[in-house]
Amino acid sequence: MLAEEKVVIPEDEKTLIEIKDLKKYFSVSRSFFKSSGQEVKAIDGISFNIREGETIGVVGESGCGKSTLGRNIIRLQKPTSGNIVFDGQDITNLSDGKLKSFRRQMQIVFQDPYASLNPKLKIGEIVGEPLRVNKAGSSAERKDKVESLLERVGLETHYYSKYPHEFSGGQRQRIGIARALTINPKFVVCDEPVSALDVSVQSQVVNLLQDLQEEYQLTYMFISHDLSVVRHISDRVAVMYLGKIVELGDTKDIYENPAHPYTRALLSAIPVPNPREQRQRERIILKGDLPSPINPPKGCRFSTRCPLATDLCREVEPELESKVNKQLVACHYAYEF
Ligand SMILES: Nc1ncnc2c1ncn2[C@@H]1O[C@H](COP(=O)(O)OP(=O)(O)OP(=O)(O)O)[C@@H](O)[C@H]1O
Ligand SMILES: [Mg+2]
């Protein structure tokens, strides 16, 4: 049975996005002109739903495919195969022209607020660009909208005529957030939105994102290395390993009762505020390096580093399915640690 068939969604939780067996392979070039014939399997068969109004956190080691997943869902990249259904419409193969109207509904906030803002444009032009491209309103109306957005994200309206280099990292990220919200999207991928910021401003930006979510009824995919931030902001969490989701469930279940040994290893590295999670205190150090996404291990991809792995794991790939508790887990020996 396919994993998505097992996800039971209560009736009041509307699905906004359905992701079905999504894959994105990048060809590896040997030189500038020649392909080596090898492919990086950045995401390799991912199925799950995103519910309207939720924040779904995505965690996993560097290179496991988090950004690629986010970018493919909002069609900044074209998936190799699989399907993305947004609000009932399959957007996987939409032409650029048709994608344009969907782009209004899906935005992204990038990690690096320095690299993601055009240094030659004034703040007002950056934030107002999506309005201009979509020919929304007169130029005076657009200016009004941009000024009110700047105010809403905690910036002064006279910043309209300043340039990105005049701002701090936190302020730039506020500008990036304002830009993402200009055309009232439904869904925003936040790709490590606070990782490049000073710790002191991280929580301000996270709080701003949460306030804006409520105000504009946004749905977020929140990608981060920082498991504490993900716990704070997410309703559900997807744990990725080498191009796959290995565990998916409500934040509380994932953090208090992780089912996958990889999730447990990730969580064992962070301080535990809750005594019920005492057993996670024992630090689990994973053996070996992250295998190459060009040639992922046979069977369970985590088997080369897993303390529980048996011959079964090295031969048969486990499906993402529900076991004892509510969350979905891809492990033959879920909870057995
Ligand atoms: N445009 C690309 N061309 C070739 N390979 C790519 C491209 N983008 C990503 N990859 C590869 O795909 C894999 C997944 O990358 P991705 O950036 O999605 O990971 P990530 O989980 O976001 O990592 P990080 O935490 O470092 O941001 C990596 O092996 C990466 O090198
Ligand atoms: Mg990334």
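Biologist: Which residue of β5 is the bridge partner of Val85?

Modeller: In this predicted model, a bridge is read by looking across from one strand to its neighbour, and for Val85 the partner in β5 is Asp90. The strands β4 and β5, the latter covering residues 89–90, are paired in the antiparallel sense over 2 bridges.

Biologist: What lies between β4 and β5 in the hairpin that they form?

Modeller: The hairpin has 2 residues between its strands, and Asp87, which sits in the turn, has a positive phi of about 50°.

Biologist: Turning to the ligand, which residues come nearest to ligand 1?

Modeller: There are 13 residues around ligand 1, and those that come nearest are Ser62, Gly63, Lys66, Ser67 and Thr68. To read the polar contacts, look at the atoms on each side: a polar backbone atom of Gly63 is 2.8 Å from an oxygen atom of the ligand, while in Lys66 an N or O atom of the side chain is 2.8 Å from a ligand oxygen. For His225, an N or O atom in the side chain is 3.2 Å from an oxygen atom of ligand 1.

Biologist: How much of the accessible area of ligand 1 does the protein cover?

Modeller: On its own the ligand has 630 Å² of accessible area, of which the protein covers 63%. Two or more residues of the shell are given by each of the elements β2 (35–51) and α1 (66–73), and the largest share, 3 residues, comes from α1.

Biologist: How many residues of the shell are nonpolar, polar and charged?

Modeller: Sorted by class, the shell around ligand 1 consists of 5 nonpolar, 6 polar and 2 charged residues.

Biologist: Is Glu192 buried or exposed?

Modeller: Here a cut-off is needed, namely that buried means under 20% relative accessible area; Glu192 therefore counts as buried, because its relative accessibility is 3%.

Biologist: And what is the phi of Gln217?

Modeller: Gln217 is not a glycine, yet its phi is positive, at about 50°. Gln217 lies in the loop between α6 and β8 (219–223), and it counts as exposed because its relative accessibility is 65%, where exposed means over 50%.

Definitions and conventions
Residues are numbered from 1 along each chain as its sequence is written. Chains are lettered from A and ligands numbered from 1 in the order in which they are written. This is a predicted model: local features need pLDDT of at least 70, side-chain atom pairs count only at pLDDT 80 or more; totals for chains, interfaces and linings use all residues. Side-chain values use heavy atoms; hydrogens and water are left out. Two strands pair if DSSP finds at least two bridges between them. Helices (H or I, at least four residues) and strands (E, at least two) are DSSP runs, numbered from the N terminus. A residue is near a molecule or strand if one of its heavy atoms lies within 4 Å of it. A polar contact is a pair of N or O atoms within 3.5 Å; within protein, one must be able to donate a hydrogen and the other to accept it, and residues adjacent in sequence count only if both atoms are side-chain atoms. Accessible areas come from the Shrake-Rupley method with a 1.4 Å probe; for residues, only the protein chains shown count as cover. Ala, Val, Leu, Ile, Met, Phe, Trp, Tyr, Cys and Pro count as nonpolar, Asp, Glu, Lys and Arg as charged, and the others, Gly among them, as polar. Buried means under 20% relative accessible area, exposed over 50%, partly exposed in between (1.4 Å probe, protein chains only).
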